[in-house]
Amino acid sequence: MSTPERLERIREHEGWLERWRHDSQSCACPMTFSIYLPPQAEAGPVPAVYWLSGLTCSDDNFRVKAGAQRYAAELGLALLIPDTSPRGDDVPDDPGYDLGQAAGFYVEAIRAPWATHYHMHDYVAFELPLLAETLFPLQPGRRAICGHSMGGHGALVLALRHPGRYSSVSAFAPICHPSASPWGEKAFTAYLGADRRMWRPWDATSLIEDGATPLPMRIEQGTADEFLGEQLHPDDLAAACAARGIPLDLRLRPGYDHSYHFIASFIGEHLAWHAGHLQG
């Protein structure tokens, strides 16, 4: 595949939902992503909100389940939705749902057999924006980022590692302290090795503790989330922010779980919040 290939184009809320495939240099394999272009994009470039999905997902989950396109159309925002990992017969995988394909954790893997393909951080931070801002009517550099669970971890880390690259970051039920999470410990050991010092640059709580430049941050967390106690640790991130005097908008939502029902309930508020920062 020498040039990006459009796989799908669907009319939605007077805009267009498209799916594309291209050869990725970062991940050394074909990658798929979806993009929603609001009706305002027909008149000129628009800002973009990047969405990072969670474990077991692809780009399809968010675009089908979240109901975000309606709000994006009203706000004049593009939605850019990458896959969660490299995929293919030649890409290493694992029998577990929480490692390998669909579980890239948005890191730069340095250990075999993952190091050849698992470079989701560079893919999302650099390769995909360059491609998207060339192919589509997007305002260069006008980006916000959002994600869910593993993707919430990825969004926080990307925003904290790259000051000025995103106007704002928000997350739904993110893995806030993966170094203290069974999911994170398994993935980090596989992708990065057993030396926990190598994990800190990929952990939002550690990044804050180590002096990362803050930006507007909002976290939505359901109190009935089955993963809250063992895996997510929003209190750790809140404590790290408080120790440095960094504002963190952490909203605990009574009765909500970890599902897309939770995301669909508040995605409109998140997109409006990002639109405010992008316009500001």
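Author: Let us start with a term: buried means under 20% relative accessible area, exposed means over 50%, and partly exposed is in between (1.4 Å probe, protein chains only). This is a predicted model, in which local features need pLDDT of at least 70, side-chain atom pairs count only at pLDDT 80 or more, and totals for chains, interfaces and linings use all residues.

Reader: Does H119 count as buried or exposed?

Author: Helices (H or I, at least four residues) and strands (E, at least two) are DSSP runs, numbered from the N terminus. H119 has its place in the loop between β5 (78-82) and α3. The relative accessibility of H119 is 15%, so this residue counts as buried.

Reader: Which residue has its backbone oxygen 2.4 Å from a polar atom of the side chain of H119?

Author: A polar contact is a pair of N or O atoms within 3.5 Å; within protein, one must be able to donate a hydrogen and the other to accept it, and residues adjacent in sequence count only if both atoms are side-chain atoms. For the side chain of H119, the backbone oxygen that lies 2.4 Å away belongs to A115.

Reader: How many disulfides does the structure hold?

Author: A disulfide is a pair of cysteine sulfur atoms within 2.5 Å. The count for this structure is zero.

Reader: How far from C29 is the nearest cysteine sulfur?

Author: C29 takes part in no disulfide. The nearest cysteine sulfur is that of C27, at a distance of 5.4 Å.

Reader: How many of the twelve residues of α4 are buried?

Author: Helix α4 covers residues 150-161 and reaches 16 Å from its first C-alpha to its last, close to the 16 Å expected at 1.5 Å a residue. That expected span is 1.5 Å times one less than the number of residues. The buried residues include M150, H153 and L160. Helix α4 is largely enclosed by the rest of the structure, because the number of its twelve residues that are buried is eleven.

Reader: How many salt bridges does the structure hold?

Author: Side chains of opposite charge can pair when their charged atoms come close. A salt bridge is a side-chain nitrogen of Lys or Arg within 4 Å of a carboxyl oxygen of Asp or Glu. The total for this structure is 21.

Reader: With which residue does R11 form a salt bridge?

Author: R11 is partly exposed, with a relative accessible area of 41%. The closest N and O atoms of the pair are 3.7 Å apart, and the partner is E14.

Reader: How far apart in sequence are the parts that the pair of E133 and R143 ties together?

Author: The closest N and O atoms of the salt bridge between E133 and R143 are 2.9 Å apart. E133 lies in helix α3 (residues 120-135) and R143 in strand β6 (residues 138-148), so the parts tied together are apart in sequence by ten residues.

Reader: Which residue forms a salt bridge with E185?

Author: E185 is partly exposed at 28% relative accessibility. The closest N and O atoms in its salt bridge are 2.8 Å apart, and the partner is R196.

Reader: What is the distance between the C-alpha atoms of L99 and T56?

Author: L99 is found in the loop between β5 and α3, and counts as buried at 6% relative accessibility. Contact means heavy atoms within 4.5 Å; leaving aside neighbours within four places in sequence, the contacts of L99 include W114, K186 and Y191. T56 is 43 residues away along the chain, and the C-alpha separation is 9.4 Å.

Conventions. Residues are numbered from 1 along each chain as its sequence is written. Side-chain values use heavy atoms; hydrogens and water are left out.
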